[in-house]
Each structure stands twice: as structure tokens, then as C-alpha cells.
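My entries follow in the order I made them.

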Amino acid sequence: MPSSLPLLRHYIDGEFVASAKRFSNISPVDGSVIGEVCEAGQDEIDRAVAAAQAAQAGAWGRSSANERADALLRIAAAIERRFEEFVAAEVADTGRPLKQARTLDVARGVQNFRSFAELVRQAGGEFHEMRALDGNDVFSYTLRKPHGVVAVISPWNLPLLLLTWKVAPALACGNSVVAKPSEETPSSATLLAEVIHEAGLPAGAFNLVHGFGPGSAGEFLTRHPEVDAITFTGESRTGETIMRAAATGVREVSFELGGKNAAVVLADADFDKAVAGVLRSSFTNSGQVCLCSERVYVERPIFERFVTALKAGAEKLKIGCPDEEGVDMGPLISRAHRDKVLDYFALARGEGASFVTGGGVPRFGDARDGGAWVQPTIWTGLADDARCVREEVFGPVCHVAPFDADDEVVRRVNDSDYGLCAALWTRDLGRAHALSRRFRVGMVWVNTWFLRDLRTPFGGVGLSGIGREGGRHSLDFYSELTTVCVNP
Ligand code: NAD
Ligand code: 6OD
């Protein structure tokens, strides 16, 4: 009997195409199968890359920055027209609150296309004059050209936001794109292919392939010799594998990887704002944001009071289905990911953590018990070298520890293989500037968290990534500069 479930197909060379191999799309809310997804093999990847190359040789390769900016604006408008479909797709795959999908995920999908449309329209080249030895006034200028074919590999935690964050600038710079979304979140990516089709981009300029990483679409794409540059968001270990693949042919990479981020609360902070801020930075999206604070350092005079208030706040968070009134937290992305998070809870017990709150699985007594839920969890009492303080859990959990001095907290914040971001809570801006300079991270938020000006550089140090994207930094990664020196 034919299945009534939606079948998500690849988008290759301007057409939606199926492939024989399939996998199931599972709802993390209750474990039910909500769709079937085509899995790309080497053949689909070869066709997508060939189409992308052909688009470079055709109208897309000859397009002007203004024409591409117009195309990006059409895509943004098309996402807006189908806004609620995108929200539904994102919510179905992830189980996140509807409100978050509306205000963060899909809203940022639109903004990513708008902001890179503006940026590429404004982006000028460099111009320099110089007197040569023969007395001639020589001038040099730069041309911004696409790399050619860019592979975009994205994760499941903020599916549309993180996919469009890379697809938009790659297209803005005139590249052809072959995108592979996470196998956990294929739905909003498929809708994106539909709106790009509606926006009338030439066939092959944007291609979408579904599948897994190793031995599947991700590996075949990143190893493909005709892919000119790879942009990846995901786990640091996956980044290492992709970097090895990119070494063949010396292809450029841009990596946004994991984090074990610190929040630092100074004794002079606005107490209530700091508590609310840390609740947000630790538990937003069920802790599944690379920027989440999994390590919280609180200046000793306010430590006990802070832990008590954080516990009260965490216990008030409403866990529930996307459309429930006032819901704060949905499930994790999958049962497999929940097992990983629960393993860390067990490890934390073994490493001597006190569980201030949480540490288990909520029981609903309905279909949700088949889903991937965990309680927001707070630990104290772990040593700085505990695995739970050093390794990224990527769930709704933070460890809170006291500190006494600025030098000490700088040392402890920096004692990490990761270095994505830090959040600092204080009224003393002098101290904030001094500490921000000393933290070994790509981004510091002071009295806020995850507030994004899309023109600013985004990225991390150490295991958290390579390079910066955002604003002109994205334009630099997604283009090659050619210098032309003219002796008139
Ligand atoms: P992941 O590395 O498992 O997967 C990310 C993507 O890579 C998926 O599309 C996956 O199919 C693909 N992939 C996996 N193995 C591959 C391989 N060998 N070759 C090619 N592609 C492969 O990451 P995830 O579990 O989807 O996402 C969570 C991780 O992403 C966390 O570590 C989180 O911190 C990180 N992340 C970082 C940022 C950032 O901006 N720094 C943003 C979001 C997520
Ligand atoms: O806001 C962004 O542009 C961005 N790249 C966010 C990443 C979040 C990580 O989970």
C-alpha cells in the first residue's frame, strides 16, 4: 500500500528528484514517523555537483551582484509568504515551541537573505594608487569572484537559521551551492528549495541533497573533487573528518563547531537579569544551541543565592508540546541524543556532582513518553577537570561553580579545548572590558546573550571552529579576490 506520509526529495538541477534509498523522519515529541526522506548516494551527489558547475558556466556565473541581491530578496519574500509552513516544518522536525520557530528560526531565515542581499549590493572592491619606478602612476583594484561550487553542511539544532546563514552569502557571492541539511531536520530545507525554485534562480545554482554523514551524502559531497569550498556547522569531531577530506585538493573550509561556553556572573550584576539571562543561555532550545552556557561561574558572595534562584527558575520552565500555551522547552532532537545526554547525567553522578534540580526524564503518561524529553538540570560540586565540565553535552544542563578573583575566573573560563563564546553579567563596564579582552573565545556577550547583529563576525577558537562568518567576513569566505594591477 502506498504510504500517506510526505516524501521529501532532493532538489537537483532545478528539479525535485527522488532516489530509491529512504529513511524515516521521526518526531522527537512522541517518536512517531512523520515522513520519509530520500537518501542521496554517490550518483545524486555527482549530479548535484555537475549541475552546480554547469550553473557557473551559465547565467548564474555571469550574474551581477545586483541581480543576485534581487534574487535573495525574492527568496526572503517567498519565505515570508510561506512563513507558517516553515514554522510548521521546523516544529515538526524538532518539537520546539511554536513561538521560538516564529521569532527566531524562520524570522532569521528571512533576515539572513535580506541582510546578505544588502551587503553584497554595497560591497565595493579595493582601489590603490602607487608611483612605479618608471614614474608611471599605477593603480590596482580588486575583483570579487565566486569560488565556484560551495558545499554547505548544516546541523539539526537551528535547522533553517544555520542553513540560510551559509546559503545566503554563498549565493550572494555568485557561487553555486550544494546543501546537505541534517538527516534529523530535512523539512524546512526542502521548503527552502521550493521557495528558491519559486524565486526563479537558474537551474543548478542551488541544489539540495538529503542523507547522513559517513558513507552517505555528507561524506560523498565533502570528498567530491569538484567542490571548491566547504562550509560546515556541527560537531568538532565531524569538522576534523571534513577537514581531512578538504585537504585533498586544498579546498577552503569555514567551520562553526562545538562549544563548552561559560557564563560569568559578577557580584555587582543586576541579580534578576543575570538569573534570567543564565536561564535563557543554559536552557534555550533545550540547551541545543552551540552558544549555550554549560559552565556558570558565580562570584562567591552571591553564589548560594544565585543557585537557589536559578533552581527556582529552572523548575518553573514549562516543558511541553510546541503549541502548548506558555511552553518554554520542547524535547531533545532524538532518542539517540537523549541517551547521550542521560549518559552525561550518569557520568556527572559518578564524578561527584550534586543535582540541584532535574537529572531525569519527565513522565507525561501519554504519547509523549515515546519522545526525547529530559528535565532542565543544574549541577554543582564538580571539579574543573571533570569530563562533565570539559565536554560538550548539548542538552539542558549547566554546572554552577563559585569563584573569588578575576585572574581565577579567566583561567577557568579559558581552561577549555573549546572557545566559542562567553556571557558576562556585571554593572561594572570597566571590569567587563578587561575580562572580555582576556577570555579566549570568539564572542563575548555582556549583560545579554545570543543578541546578533548580522554584520559582526561569528565564530570560535580552538575546537570551536576555523574562520569567521557574518557581514563582510562571510563575503570574504565565499569569494576569491583577484588583484588587477594596471600600468597605464
Ligand atoms: P554533526 O557534526 O553530527 O552533524 C552536522 C552535519 O554534518 C549533519 O548534516 C551531518 O549529516 C553531517 N555529517 C556528519 N558526519 C559527516 C561526515 N563524516 N562527512 C560529512 N558530513 C557529515 O552535528 P550535529 O549533531 O548535527 O549538531 C550539533 C553540533 O553542532 C554540536 O556540537 C554543536 O555545538 C555544533 N554547532 C555549532 C555551531 C556553531 O556555530 N559553532 C552551531 C550549531 C551547532
Ligand atoms: O546567529 C547565528 O548566525 C549563528 N550562526 C548561530 C549559531 C548558533 C548555534 O547553535
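Entry 1, a salt bridge to begin with. I looked up Arg 455 and found its side chain in a salt bridge with that of Asp 453, at 2.8 Å from N to O. A reminder to myself that this is a predicted model. I then checked accessibility: Arg 455 has a relative accessible area of 61%, so I put it down as exposed. Asp 453, at 33%, is partly exposed. I also noted a network in which salt bridges with shared partners join Arg 82, Glu 85, Glu 194 and Glu 198.

Is Glu 299 buried or exposed? Its relative accessible area is 11%, which is under the 20% cut-off, so I wrote it down as buried.

The side chain of Arg 438 meets that of Asp 407 in a salt bridge, 3.0 Å from N to O. Because Arg 438 sits in helix H15 and Asp 407 in helix H14 (residues 406–414), the pair links parts that are 31 residues apart in sequence. I have Arg 438 as partly exposed at 39% and Asp 407 as exposed at 53%.

The residues I listed around ligand 2 include Leu 158, Trp 165, Glu 256, Cys 290 and Phe 450. Next I looked for side-chain N or O atoms by its oxygen atoms. For Arg 108 the distance is 2.8 Å, for Asn 157 it is 2.8 Å, and for Arg 452 it is 2.7 Å. The protein covers 99% of the 310 Å² of accessible area that ligand 2 has on its own.

Which of the 32 residues around ligand 1 come nearest? They are Ser 154, Glu 183, Thr 238, Leu 257 and Glu 392. A nitrogen atom of ligand 1 is 2.6 Å from a polar backbone atom of Leu 257. An oxygen atom of ligand 1 is 2.8 Å from an N or O atom in the side chain of Trp 156. Of the 830 Å² of accessible area that ligand 1 has on its own, the protein covers 92%.

Leu 5, Ile 26 and Val 33 make a nonpolar patch of about 200 Å². Ile 26 is in strand S4 (residues 22–26) and is partly exposed at 39%.

Conventions:
Residues are numbered from 1 along each chain as its sequence is written. Chains are lettered from A and ligands numbered from 1 in the order in which they are written. This is a predicted model: local features need pLDDT of at least 70, side-chain atom pairs count only at pLDDT 80 or more; totals for chains, interfaces and linings use all residues. Side-chain values use heavy atoms; hydrogens and water are left out. Patches are made of residues with over 30% relative accessible area and no salt bridge: like charges are joined within 9 Å, nonpolar side chains (Val, Leu, Ile, Met, Phe, Trp, Tyr) within 5 Å. Accessible areas come from the Shrake-Rupley method with a 1.4 Å probe; for residues, only the protein chains shown count as cover. A salt bridge is a side-chain nitrogen of Lys or Arg within 4 Å of a carboxyl oxygen of Asp or Glu. Helices (H or I, at least four residues) and strands (E, at least two) are DSSP runs, numbered from the N terminus. Buried means under 20% relative accessible area, exposed over 50%, partly exposed in between (1.4 Å probe, protein chains only). A residue is near a molecule or strand if one of its heavy atoms lies within 4 Å of it. A polar contact is a pair of N or O atoms within 3.5 Å; within protein, one must be able to donate a hydrogen and the other to accept it, and residues adjacent in sequence count only if both atoms are side-chain atoms.
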